Amino acid sequence: PYSIDQEAPSGGSISLDGGNAYNTDGNVIAELDSPTDVGSGINNCELSWSNGTTWIPVTDPTMSGAGLVDEGQVIAQYRCTDEAGNVSVPLTAEIIVDTSVPGITLVGDATINLTVGDTFTDPGATVDDPLVTVMVAGDVVNTAVVGTYAITYNATDAAGNMATQVTRTVNVSAAAAVPPPASGGGGGSSGGGFLVRPTVPVGQ
């Protein structure tokens, strides 16, 4: 006698990168746990990296999405078909692929030269990701003390991509020495500082 199997496989699971919200290298890993089928048994399983648009055969419980996923949100689906042709409800997992490193740009010059007593206000820096804040660290510039100060700027996005650190150098130098005023010369008609006595003839 023939048995009728109208029940699709059920259960199973799909996880992307261990459940992380972000991927930063484009190599998303899908970990798959096959559904069970109490009727005719599992025939094959498929995985979609494009929210069900295209499907590829599952050949291993761990599948790589390298070269198959684009930057941005990735919705993966996993389904299995039993020997009777019943298809399981696709299991879905999502992740955001973000491989872009934030870029930091200094406002103003990378090197600033000051003299002791000058006023200094850090011009700061900008980052090309509107959701990221630049973190400022390094030396605190003291314009009362001669020295070279380094201010560092860093940024990390939500995915964990770290910007290349940017540094501004601030040089504080001593004020130039002021030369003493020139001393004045003596009086006299000669202009050379000597007193000239008049000549008196002999016998007078």
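Which residue does a disulfide join to Cys45? The partner is Cys80, with an S to S distance of 1.9 Å. A disulfide is here a pair of cysteine sulfur atoms within 2.5 Å. The structure is a predicted model, in which local features need pLDDT of at least 70, side-chain atom pairs count only at pLDDT 80 or more, and totals for chains, interfaces and linings use all residues. Residues are numbered from 1 along each chain as its sequence is written, and side-chain values use heavy atoms, with hydrogens and water left out.

A search of the whole structure finds one disulfide. The torsion about the S-S bond of Cys45 and Cys80 is about 105 degrees, so this disulfide is right-handed. Cys45 sits in strand β4 (residues 42–48) and Cys80 in strand β7 (residues 72–82), so the pair ties together parts 35 residues apart in sequence. Strands (E, at least two residues) are DSSP runs, numbered from the N terminus. Both Cys45 and Cys80 are buried, meaning under 20% relative accessible area (1.4 Å probe, protein chains only).

Four strands form an open sheet in the order β10-β14-β13-β12, with mixed pairing. Two strands pair if DSSP finds at least two bridges between them. β10 (111–115) and β12 (135–138) stand at the edges with a single partner strand each, so one side of each has no neighbour in the sheet. From one strand to the next, the twist averages 25 degrees. Axes for such angles are lines fitted to C-alpha atoms, and angles run from 0 to 180 degrees between N-to-C directions.

β10 and strand β14 (residues 166–173) run parallel and are joined by five bridges. Thr115 has Ser173 as its bridge partner in β14.

Notes:
Buried < 20%, exposed > 50% of the residue type's maximum accessible area, 1.4 Å probe, protein only.
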